[in-house]
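Hi,

Here is the structure I promised to pass on.

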Amino acid sequence: MKKAEIKTVRISYRVLLVFVLVAMVMLLSILSPFFFSWNNFLNILNQSAVQLILAIGMTFVICSGGIDLSIGAIMAFSAIIMAMLLKAGISPLGSILTGAGIGFGIGIFHGVIIFTVKINSFIVTLSTMAILRGATILITDGRPIYGFESSFTFWGSANTAVIGMPVVIAGLVAVSGIFLLEKTTFGNYCFFLGTNEKALHRCGVSVGIYKSLIFGISGFCAGLAGFLVTARLNTADPLAGSGYEMDAIAAVILGGTLLQGGKGSIGGTIVACLILNVMRNGLTMLSISSNYQQLLTGLIVLVSVIISEIKSRKNEVMR
């Protein structure tokens, strides 16, 4: 399949996702008189902000042929470190940068281990998830840390005219992600890592450095998400972020990124993230149990993975 044809298919799939999103909004507006309102749309956007930031980081990882199961644990661990620094009298900016930096550092560690020891990213990040969860609970004795100054909580709840700060930050991350993945050499190498890592290495590219940076981006996004959740709730919970990795993976795969790597887009991830959150918001308004929401999310992931696998096999046949 030629590059122009692949781009056309990618755009067509994004159009299909937008159509699904619009159809879902129209259907839920008919089913619930409370759904179609500006306040509810703002609520959906605010709920989507954290998941979107995590999903953008995950898009880079999956495009490169990897997976990161530790983002929820990094999110909680970074949030606890931020909270402890704030309680120790460190400035909000210093605490935020430290927490996000820790997330970035953990991601870099993942990339180094995966490349140097040649261990599957699934195993590495699954192990780190357990380590960080245990460390977070030991540090806090399982108790949340709460009560922060307004200059910190502002970033999680204050509105700028019509939208919340988490939405603004998520928008900036999304724009940066689109530029980095689709307009730079770094983004091209990210895709090549997902298709033929050995060939990229033979061309003289420092695969280990790029792989470490890709996981570093994912870790940074997790640290940033931990900051926003802590600021919004005015609480750092050691159990925060549980299950968020599944939501991020669901958004990325539904957005058209191949699970095998080599193809994907931030734009598709954004629309898919909105679809998932509109679905959850609508089901909640219709008083449908959260258990069914989890069931639907799981089914969406399964169907998306099956479609992704079929597409991948068709591409291999056409080469």
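Let me start with a crossing: helix α3 passes helix α10 in a right-handed way (right-handed if the near helix is turned clockwise from the far one by less than a right angle, left-handed if anticlockwise). Before going on, note that this is a predicted model, in which local features need pLDDT of at least 70 and side-chain atom pairs count only at pLDDT 80 or more, while totals for chains, interfaces and linings use all residues. Residues are numbered from 1 along each chain as its sequence is written, and side-chain values use heavy atoms, with hydrogens and water left out. Helices (H or I, at least four residues) and strands (E, at least two) are DSSP runs, numbered from the N terminus.

**α3 against α10**

The axes of α3 (residues 71-87) and α10 (residues 207-233) come within 7 Å and cross at roughly 55°. Axes here are lines fitted to C-alpha atoms, for helices over the stretch in contact, with angles running from 0 to 180 degrees between N-to-C directions. That angle makes α3 oblique to α10 (under 35 degrees is roughly parallel, over 145 roughly antiparallel, 65 to 115 roughly perpendicular, and the rest oblique). On the α3 side the contact (heavy atoms within 4.5 Å) is made by I71, I74, M75, S78, A79 and M82. The α10 side brings S218, G219, A222, G223, A225, G226, F227, V229 and T230. By class, the residues of this contact divide into nine nonpolar, six polar and no charged. For the classes, Ala, Val, Leu, Ile, Met, Phe, Trp, Tyr, Cys and Pro count as nonpolar, Asp, Glu, Lys and Arg as charged, and the others, Gly among them, as polar.

F227 of α10 deserves a click of its own. It is buried, with a relative accessible area of 4% (buried is under 20%, exposed over 50%, partly exposed in between, with a 1.4 Å probe and protein chains only). Leaving aside neighbours within four places in sequence, F227 is in contact with M82, I96, F152, W155 and I169. F227 and T153 are 74 residues apart in sequence, yet their C-alpha atoms are 9.4 Å apart in space.

**α3 against α4**

From α3 come I74, F77, S78, I81, M82, L85 and L86, and they meet P92, S95, I96, T98, G99, A100, I102, G103, I106 and H110 of α4. The count by class is 11 nonpolar, six polar and no charged residues.

Apart from residues within four places in sequence, S95 is in contact with M82, L85, L86 and I90.

**α2 against α12**

The axes of α2 (residues 38-63) and α12 (residues 266-285) come within 8 Å and cross at roughly 140°, and the pair is therefore oblique. α2 passes α12 in a right-handed crossing. On α2 the contact uses N40, N43, I44, L45, Q47, S48, Q51, L52, A55, I56, T59 and F60. On α12 the partners are I266, T269, I270, C273, L274, L276, N277, V278, R280, N281 and M285. This contact has 13 nonpolar, nine polar and one charged residues.

T59, in α2, counts as buried at 0% relative accessibility. Not counting residues up to four places away in sequence, T59 touches L181, V252, T257, S265, I266 and T269.

The 19 residues of α7 (residues 165-183) should span 27 Å at 1.5 Å a residue, and the end C-alpha atoms are 26 Å apart, which agrees. The expected span is 1.5 Å times one less than the number of residues. Buried residues of α7 are M165, P166, V167, I169, A170, V173, A174, G177 and L181.

D141 has a positive phi of about 60° although it is not a glycine. D141 sits in the loop between α5 (121-140) and β1 (145-146) and is exposed, at 56% relative accessible area. N234, also not a glycine, has a positive phi of about 60°. N234 lies in the loop between α10 and β4 (235-236) and counts as partly exposed, at 28% relative accessibility.

Cheers
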